[in-house]
Amino acid sequence: MKTRKENAIPDEQKIFAESRDNDIAVLRLKEDLLFYIQDLNVRDDLLHYFDRLSKDPAIKVLVIFPYQEGECRQKYRAFFQDIMKNKYDQNAIHRLYNVINQIYLKIATLNKLVIHAISGQVMCLFMNLSLACDYRIASASTVFQNSYLDLGLLPKGGSAYFLSRRLGLGKAYEILLLREEITADEACEWGIINSVIPDDRLEESALTLARQFARRPAPTIEG
């Protein structure tokens, strides 16, 4: 049987990079997350990271930085269009959705305070990743885009659950069924995110906020 080390994924194939700043862990998601995460080894690599993090008493706060979406948004749109045309095996699609749910559930139940720093054009799928976190900040130019309205699909990752809990059913219906785009200011006004930051200060602000949270006792944060 191969050991975990022998099965280790080369750095260039990983979908994330990790680093630490004292009692803060930083997770940087890489481009084309949805495509690579179909590889179960890649999925397990990310899930194992969360498991290791949860058992590390030295870490109080996790900061997640996603890649900035741009042209990749069109790739995702084409990907889901191909799903609707049955170009992919349906069992494989169900496995993919289960992977997404597993990762978001790990984030939502992690015993660390999780901050998500958001920027760029964000598909609803990745807005859901943000909703699974404890605290969310976005750059001023961030736009949440609901491409699923055009595709006739429901975004995976718990948007109906998270939004209805935070905003009530009426506002959740409005966002998921009527709004094609939501600006950062609108998202902040509605409580989808906690604050809006100038574009050039997003990373600095996220780490400063993480350090402020990390000053609190670990049992208080976890509790």
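At 21% relative accessibility, Asp-21 counts as partly exposed, a label for values between buried (under 20% relative accessible area) and exposed (over 50%), with a 1.4 Å probe and protein chains only.

Helices (H or I, at least four residues) and strands (E, at least two) are DSSP runs, numbered from the N terminus. A salt bridge means a side-chain nitrogen of Lys or Arg within 4 Å of a carboxyl oxygen of Asp or Glu.

The model is predicted: local features need pLDDT of at least 70, side-chain atom pairs count only at pLDDT 80 or more, and totals for chains, interfaces and linings use all residues. Residues are numbered from 1 along each chain as its sequence is written, and side-chain values use heavy atoms, leaving out hydrogens and water.

## Further salt bridges

The structure holds 7 salt bridges. One of them joins Glu-203 and Arg-28 at 2.7 Å, N to O. Glu-203 lies in helix H10 and Arg-28 in strand S2 (residues 24-29), so parts 175 residues apart in sequence are tied together.

Lys-106 also forms a salt bridge with Asp-51, with the closest N and O atoms 2.4 Å apart. This pair links helix H4 (residues 90-108) with helix H2 (residues 40-54).
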